[in-house]
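Hi,

Here is the structure I said I would pass on. Please open it alongside this note; my findings follow below.

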Amino acid sequence: MRTRSCTAALLLVLACALGACASTFDANTLGVPATLASPAGQTPPGDRFSVSSKALFGFWGLAPIRQPSLRKALAAQLGGGAGVADVKIRVRSRWTDVLFTVLTAGLIVPRTVTFEGVVTK
């Protein structure tokens, strides 16, 4: 009986370590031209943006609850043939995210996602 519970606990720990809090960002869902980097020494003309939003995961990061969307955040600016260049995506845990994770014993795990870049015309 003890061997079975140890095996189950080990499998749970491995699942949490290998599959927790994974986010997928796909430029195809944006609906506009997107580049991650411009040529060295050249900055594309346009308006710089920096948008932060929250990603939420449940059950120690195993189940995604809410994923951030760059398309929704920049919907008003991406009309009329605009594009996005020099896109940088940072995913991090702020101290409030860690505090909330600890207070909920890992049942809800928030992450702060920041999109940065340039809206080109």
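**Strand pairing**

Aspartate 47 sits opposite valine 119 of β4. This is a predicted model, so please read everything here as computed from it.

Glycine 58 has alanine 63 in β2 as its bridge partner. Four residues lie between the strands of this hairpin.

**Surface patch**

Together with Trp60, Leu62, Phe100, Leu107 and Ile108, Phe59 makes a nonpolar patch of about 540 Å². Leucine 107 lies in the loop between α3 (95-103) and β4. Is leucine 107 buried, exposed or partly exposed? Its relative accessible area is 42%, so leucine 107 counts as partly exposed; the class runs between 20% and 50%.

**Whole protein**

There are three helices and four strands. Their order from the N terminus is α-β-β-α-β-α-β. The protein has 121 residues, and 27% of them count as buried. Its accessible surface is about 8,100 Å², with 63% belonging to carbon and sulfur atoms. Take the contacts between residues at least 6 apart in sequence: 77% of these join residues at least 24 apart.

Best wishes

How values were computed: Residues are numbered from 1 along each chain as its sequence is written. This is a predicted model: local features need pLDDT of at least 70, side-chain atom pairs count only at pLDDT 80 or more; totals for chains, interfaces and linings use all residues. Side-chain values use heavy atoms; hydrogens and water are left out. Two strands pair if DSSP finds at least two bridges between them. Helices (H or I, at least four residues) and strands (E, at least two) are DSSP runs, numbered from the N terminus. Patches are made of residues with over 30% relative accessible area and no salt bridge: like charges are joined within 9 Å, nonpolar side chains (Val, Leu, Ile, Met, Phe, Trp, Tyr) within 5 Å. Accessible areas come from the Shrake-Rupley method with a 1.4 Å probe; for residues, only the protein chains shown count as cover. A salt bridge is a side-chain nitrogen of Lys or Arg within 4 Å of a carboxyl oxygen of Asp or Glu. Buried means under 20% relative accessible area, exposed over 50%, partly exposed in between (1.4 Å probe, protein chains only). Contact means heavy atoms within 4.5 Å.
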